[in-house]
Structure formats: C-alpha cells, structure tokens
Amino acid sequence: MQQWLNQEFRIVVAYKTVHKIVRYKLNAKLKVPRPSSIKAKPEAQEAFKKTCHR
C-alpha cells in the first residue's frame with residue numbers, strides 16, 4: 001500500500017500510518033505472500049493438487 005501510494009499518487013506516507021488506517025479504519029489486514037520452499041518440487045505440487053479432495 002505504501003509503495004502503491006507513492007507510485008500512483010506521489011504521496012509519501014509512513015508505514016505506521018498506512019497500517020493504522022488499513023487495519024483500524026478499514027478493518028482489513030495487510031497481506032504478504034508466504035515464501036516458497038527452495039526444496040519444493042513443482043511436479044509433486046501439481047500431482048497433489050490433482051489428487052487432493054476439496
């Protein structure tokens with residue numbers, strides 16, 4: 001959010017400010033992708049996706 005505001009609108013806002021507004025005014029949580037494992041095997045992941053029961 002902080003970087004997006006800077007890129008799109010040239011607004012410089014402290015992370016703490018963005019976090020407070022998003023978390024407490026908008027009742028949302030900032031999302032960050034989880035890192036993937038270096039040891040992960042794409043073939044095994046695809047096989048799991050095909051066989052798992054949802």
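A residue is called buried under 20% relative accessible area, exposed over 50% and partly exposed in between (1.4 Å probe, protein chains only). This is a predicted model, in which local features need pLDDT of at least 70 and side-chain atom pairs count only at pLDDT 80 or more, while totals for chains, interfaces and linings use all residues. Residues are numbered from 1 along each chain as its sequence is written, and side-chain values use heavy atoms, with hydrogens and water left out.

View 1. Helices (H or I, at least four residues) and strands (E, at least two) are DSSP runs numbered from the N terminus. The order of elements from that end is α-α-α. Along the principal axes, the C-alpha atoms fill a box of roughly 45 × 25 × 20 Å. The radius of gyration is 18 Å, whereas a compact globule of 54 residues would have one near 10 Å; the value is taken over C-alpha atoms, and the globule rule is 2.2 Å times the number of residues to the power 0.38. Of the 54 residues, 7% count as buried. Accessible areas come from the Shrake-Rupley method with a 1.4 Å probe, and for residues only the protein chains shown count as cover.

**View 2. Arg10 sits in the loop between helix H1 (2-9) and helix H2 (15-25).** Its phi is near 55 degrees, a positive value in a residue other than glycine. Most residues other than glycine have a negative phi. With 67% relative accessibility, Arg10 counts as exposed.

**View 3. The loop between H2 and H3 holds Asn27.** Asn27 has a phi near 55 degrees, which is positive although the residue is not glycine. Asn27 is exposed, at 64% relative accessibility. Pro35 is found in the loop between H2 and H3, and Pro35 is exposed at 78%. From Pro35 to Arg10 the separation is 25 residues in sequence and 29 Å in space, C-alpha to C-alpha.

**View 4. Trp4 and Phe9 form an aromatic pair.** Rings of Phe, Tyr and Trp (its six-membered ring) pair if their centres lie within 6.5 Å; planes under 30 degrees apart count as stacked, over 60 as edge-to-face and the rest as tilted. The count by this rule is one aromatic pair. The rings of Trp4 and Phe9 are 5.3 Å apart, centre to centre, with 85 degrees between the planes, and the pair is edge-to-face. Trp4 is partly exposed, at 43% relative accessibility.

**View 5. Met1, Trp4, Phe9, Ile11, Tyr15 and Leu30 make a nonpolar surface patch of about 620 Å².** Patches are made of residues with over 30% relative accessible area and no salt bridge; like charges are joined within 9 Å, and nonpolar side chains (Val, Leu, Ile, Met, Phe, Trp, Tyr) within 5 Å. Leu30 belongs to the loop between H2 and H3. The relative accessible area of Leu30 is 32%, so this residue is partly exposed.

**View 6. Lys49 and Glu46 form a salt bridge.** The term stands for a side-chain nitrogen of Lys or Arg within 4 Å of a carboxyl oxygen of Asp or Glu. The count by this rule is one salt bridge. Between Lys49 and Glu46 the closest N and O atoms are 3.7 Å apart. Because the two residues are three apart in helix H3 (residues 42-51), about one helical turn separates Lys49 and Glu46. Lys49 is partly exposed at 47%, and Glu46 is partly exposed at 42%.
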